[in-house]
Amino acid sequence: QVQLVESGGGLVQAGDSLRLSCVASGGTFRNYPMGWVRQGPGKERELVAAITRSGIITHYTDSVKGRFTISRDNAENTVYLQMNSLRPEDTAVYYCAAGKTTGWNTLSGYVYWGQGTQVTVSS
């Protein structure tokens, strides 16, 4: 059982950058694969980025490849999402999520979610 708290969202213009942070507590952070899930207006939830327990392997959905970077600091129980070249279609609530032992690079692999942080990108 792990609790997750996101921060770093906000209102920005297209082309700007944001860095989201997620601090975990109540579990052994290094034992969880971590991901960032987003849900935009009128859209389904999607796993935008994920990272293995060691941090060696990452996964990104096609629409953010080359723009977003997920990273983790196991010593600080923190996972980050660096978002560059933001587009209006990136507007969504972004959730930090901790995964299970399998399916680390799929949405169904994540069972513990934070409250979310709003990212709004204007044209």
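This is a chat between two colleagues about the contacts in a predicted model.

Colleague: Let's start with the sulfurs: how many disulfides does the structure hold?

Modeller: The structure, which is a predicted model, holds 1 disulfide, and this disulfide joins Cys22 to Cys96 with an S to S distance of 2.1 Å.

Colleague: Which parts of the chain does that pair tie together?

Modeller: Cys22 lies in strand E3, residues 18–25, and Cys96 lies in strand E9, residues 92–99, so the pair ties together parts that are 74 residues apart in sequence.

Colleague: And are Cys22 and Cys96 buried or exposed?

Modeller: Cys22 is buried, with a relative accessible area of 1%, and Cys96 is buried as well, with a relative accessible area of 0%. As for the geometry of the link between Cys22 and Cys96, the angle about the S-S bond is -80 degrees, which makes the link left-handed.

Colleague: Changing topic, how many salt bridges are there?

Modeller: There are 4 salt bridges in the structure. One of them is between Glu46 and Arg38, where the closest N and O atoms are 2.7 Å apart, and another brings together the side chains of Arg38 and Asp90 at 3.0 Å, N to O.

Colleague: Where do Arg38 and Asp90 sit in the chain?

Modeller: Arg38 is in strand E4 and Asp90 is in the loop between E8 and E9, so this pair, 52 residues apart, links distant parts of the chain. Arg38 counts as buried at 5% relative accessibility, and Asp90 is buried too, with a relative accessible area of 1%, whereas Glu46 is partly exposed at 27%.

Colleague: What is Asp90 in contact with, beyond its neighbours within four places in sequence?

Modeller: Leaving those neighbours aside, Asp90 is in contact with Arg38, Arg67, Phe68, Ser85, Val119 and Val121.

Colleague: Now the rings: how many aromatic pairs does the count come to?

Modeller: The count comes to 2 aromatic pairs. Tyr32 and Tyr112 form an edge-to-face pair, with 6.0 Å from centre to centre and 90 degrees between the planes. Tyr32 lies in the loop between E3 and strand E4 and Tyr112 lies in strand E10, so the pair ties together parts that are 80 residues apart in sequence.

Colleague: Is Tyr32 buried or exposed, and what is the relative accessibility of Tyr112?

Modeller: Tyr32 counts as buried at 13% relative accessibility, while Tyr112 counts as partly exposed at 25%.

Colleague: What about the pair of Tyr95 and Trp113?

Modeller: Tyr95 and Trp113 form a tilted pair, at 5.3 Å centre to centre with 55 degrees between the planes. Tyr95 lies in strand E9 and Trp113 in strand E10, so parts that are 18 residues apart in sequence are tied together. Tyr95 counts as buried at 15% relative accessibility, whereas Trp113 is partly exposed, with a relative accessible area of 26%.

Colleague: Last one: which residue lies over the face of Tyr95, and which lies over Phe29?

Modeller: Arg45 lies over the face of Tyr95, at 5.6 Å from the ring centre, and Arg72 lies over the face of Phe29, at 4.4 Å from the ring centre.

Methods: Residues numbered from 1 in each chain as written. Predicted model: local features only at pLDDT ≥ 70, side-chain atom pairs only at ≥ 80, totals over all residues. Heavy atoms only, no water. Disulfide = S-S within 2.5 Å. Helix = DSSP H or I, 4+ residues; strand = E, 2+ residues; numbered from the N terminus. Buried < 20%, exposed > 50% of the residue type's maximum accessible area, 1.4 Å probe, protein only. Contact = heavy atoms within 4.5 Å. Phe/Tyr/Trp six-rings, centres within 6.5 Å; stacked < 30°, edge-to-face > 60°. Lys NZ or Arg CZ within 6 Å of the ring centre and 35° of its normal.
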